[in-house]
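Hi everyone, thanks for coming.

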Amino acid sequence: MMLETRASAFVGLIYSTVAAAATWKSPLEFVGLPAPIVFMALAGVAFGLILQPPKASRIVMLLLTLAYAFFAAVAAVLLGSIPHLEWMRDAGPAIAGLLGFFAQAAVPAARGRL
């Protein structure tokens, strides 16, 4: 079971990374979020879940992946809109990937703080 989860998460990681690399400078936007940011957020979440998989079913894992990727993508776009942080717009996909990687720890911590 654990091997299947890691294998399917690894396939998702590879797919998201290739899609992010292909659309890095693309003007295409997906629901107000640039496609490279969304794909890098998915790749970061998949990589984070490969390294530390939660004990959950496939449906829960899919929902966690989507929720963490949404958090990472929106946070990366919001960080780029803060005054004096405009340089983050150019590094948005990389920041989304990094936030996605740490989302498994950051989202529960933020929920606890709120």
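**Helix H2 and its neighbours**

Let's start with a contact: Ile37, Ala41, Leu42, Val45 and Leu49 in H2 meet Met61, Thr65, Tyr68, Ala69, Ala72, Ala73, Ala76 and Val77 in H3. By contact I mean heavy atoms within 4.5 Å. Twelve of the residues in this contact of H2 with H3 are nonpolar, one is polar and none is charged. For those classes, Ala, Val, Leu, Ile, Met, Phe, Trp, Tyr, Cys and Pro count as nonpolar, Asp, Glu, Lys and Arg as charged, and the others, Gly among them, as polar.

A quick word on the source: this is a predicted model, where local features need pLDDT of at least 70 and side-chain atom pairs count only at pLDDT 80 or more, while totals for chains, interfaces and linings use all residues. Residues are numbered from 1 along each chain as its sequence is written, and side-chain values use heavy atoms, with hydrogens and water left out.

Back to the pair. H2 covers residues 35-51 and H3 residues 58-80, and they pack at about 130° with their axes 8 Å apart. Helices here are DSSP runs (H or I, at least four residues), numbered from the N terminus. Axes are lines fitted to C-alpha atoms over the stretch in contact, and angles run from 0 to 180 degrees between N-to-C directions. H2 and H3 are therefore oblique to each other; angles under 35 degrees count as roughly parallel, over 145 as roughly antiparallel, 65 to 115 as roughly perpendicular and the rest as oblique.

Now, at what angle does H2 pack with helix H4? H4 spans residues 92-113, and the angle is about 30°, with the axes 7 Å apart. That makes H2 roughly parallel to H4. Among the H2 residues in this contact are Met40, Gly44 and Gly48, and the H4 side includes Gly97, Gly100 and Phe101. By class, the contact of H2 with H4 has eleven nonpolar, six polar and no charged residues.

With 13 of its 17 residues buried, H2 is largely enclosed by the rest of the structure. Buried means under 20% relative accessible area, exposed over 50%, and partly exposed in between (1.4 Å probe, protein chains only).

Finally, helix H1, residues 2-22, holds Ser16. Ser16 is buried at 7% relative accessible area, and it touches Phe39, Leu42 and Ala43, leaving aside residues up to four places away in sequence. Gly12 is also found in H1, and it is partly exposed at 27%. Between Gly12 and Phe47 there are 8.8 Å in space, C-alpha to C-alpha, and they sit 35 residues apart in sequence.

How values were computed:
Helices (H or I, at least four residues) and strands (E, at least two) are DSSP runs, numbered from the N terminus.
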